[in-house]
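Colleague: Can you take me through some of the charged side chains here? Plain words, please.

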Amino acid sequence: MSKLLEIKVPDIGDFSEVEVIELLVAVGDRVEAEQSLVTVESDKASMEIPSSDSGIVKSLKVKIGDKVKEGSVILELEAADDAAVQAAPAAAPGPSVAVSQDPVQTTATVPSAPAMEGSMVNVVVPDIGDFSEVEVIEVLVSVGDKVEVESSLITVESDKASMEIPSSHAGTVTSVAVKVGDKVAKGSLILSLGTSGTQAAAAPVPAQPVQVTQAVETMTKLPSSDRIDETAAVPSEFRVSPTASFAPTAMPSRNLPHASPSVRKFARELGVDLAQVKGTGEKSRITQDDVRKYVKATLTAAMSTHSTTTSSSVGGGLSVLDWPKIDFAKFGPVESKPLSRIKKISGANLHRNWVMIPHVTNNEEADITELEALRVKLNKENEKAGIKFTMLAFIIKAVVASLKKFPEFNASLDGDQLVMKKYYHIGFAADTPNGLVVPVLKDADKKSISEIARETAELAKLARDGKLSPSQMQGGCFTISSLGGIGGTSFTPIINAPEVAILGVCRSSYKPVWNGQAFEPRLTIPLSLSYDHRVIDGALAARFNAYLASLLADFRRVLI
């Protein structure tokens, strides 16, 4: 007695649709639970979809190039009765795997389950937020070390922060798969752990994945002339990826460029056909540097047909002189110092934002005489409680009230659509030894002034110590860049895309202000509001900044 089961796409995270790029099984194949069926790809990563049941493939419902989402049917399985299902693993050869074809015969021995004193566990990179890749900057364990659950294994660094990756299991390190300088992403193998025999008994490792691994390793180690013919009949229980045996050869797998999803996305953004790019990475893999070199060579070839002796341009394009190459050492002593990673990455982001967003800055002054007196009084009253009220905390609260009155500032531009946000997450620039980072205060509208003061202080300390997590720097709606402790009278802050505005705050100072009868000293603070002119016009920006200044001048308005 058998029945047909529909195998569907499980929860794949935040992706609405993903593309099928590889079919790993065919009609008539026998599959086991958790065996990979298809490979899908999003704009950030590729992943294999496993089977939720075991049985015989009766029909495939997808093909390469199809778009699927959670709940889409992948294939139909004919599930055998319980006795047949239980008998199937016993029929598979346990102690060895032999895949042969005259004149070559290859055998890979796999220990049977009862002979194993323990089990092997692969520890992989967990969810690291919106970062597609992070760099390994420190390896904290080595082969032979014993680690516990939550013990730190490696330290990784993104363009905004560094973080330690903990272990998901306890055991002894048998192999380390990464080294300093490697790029890793969610699901990347960090190391393998040997666990105790008790753990192995509690969670036995299926024999089939080990057999498949040994079969793949055997095939890839053969000379190309002796490699197993992919068209030869291979038992379905040993089926591997159709492209696995092509890995060490020059033959392209599937019909896709040999590049990671992040590189393909990067090429799409630049309009580059990866088929025209020569890869210089391992096994001719195309890297981001290869794409950049291709773009640079293409631009150079195009510009060689035009005169470069003038900065004028014809036809609406832009032609500029080459960057000057100067030997500075001939003028005096020099010292070369590399930029920090954060500065290099943030510099590229700032350049993109400045070039792509039409910035306009509105300057305003706010009278904070009474507000400063209140702040000083609150600090004296709460000195024993350890709460220090900063002007930033009051400004954040006033900004939230202004965003509620002018919701266009609490939005993001998505093509021709303006995404209006109903939450209020405020970012603030924090100065660190490695450069500026932007922690994000979540749900600022739901917090009191004292809570905002305490939380911003904690986030600023984490930023200086390089311990901000990715989640603590994501989701911002509006950013405040304060130079109040340094100086200045005004500046043009660069908008933090995909936000549409940013507020710059300089140091307050006393000025003589005419009250109608005489001049009196008043403490004023400069406010520099940069805004995206595609979304916000000058009149709306002036109203926002004036309203913000009125709230700071009379903070009771925030309660209205």
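Colleague: Is D465 buried or exposed, or something in between?
Modeller: D465 is partly exposed, at 42% relative accessibility; buried means under 20% relative accessible area, exposed over 50%, and partly exposed lies in between (1.4 Å probe, protein chains only). This is a predicted model: local features need pLDDT of at least 70, side-chain atom pairs count only at pLDDT 80 or more, and totals for chains, interfaces and linings use all residues. Residues are numbered from 1 along each chain as its sequence is written, and side-chain values use heavy atoms, with hydrogens and water left out.

Colleague: What does D465 form a salt bridge with?
Modeller: K461, with the closest N and O atoms 3.0 Å apart. A salt bridge here is a side-chain nitrogen of Lys or Arg within 4 Å of a carboxyl oxygen of Asp or Glu. K461 is partly exposed too, at 47%.

Colleague: How many salt bridges are there by that rule?
Modeller: The count comes to 15. One of them joins R522 and E370, at 2.9 Å from N to O. That pair links distant parts of the chain, 152 residues apart: R522 is in strand β29 (residues 519–532) and E370 in helix α7 (residues 369–381). Helices (H or I, at least four residues) and strands (E, at least two) are DSSP runs, numbered from the N terminus.

Colleague: Which residues are linked in a network with R522?
Modeller: D367 and E370 are linked with R522 in a network of salt bridges. R522 is buried at 15%, whereas E370 is partly exposed at 45%.
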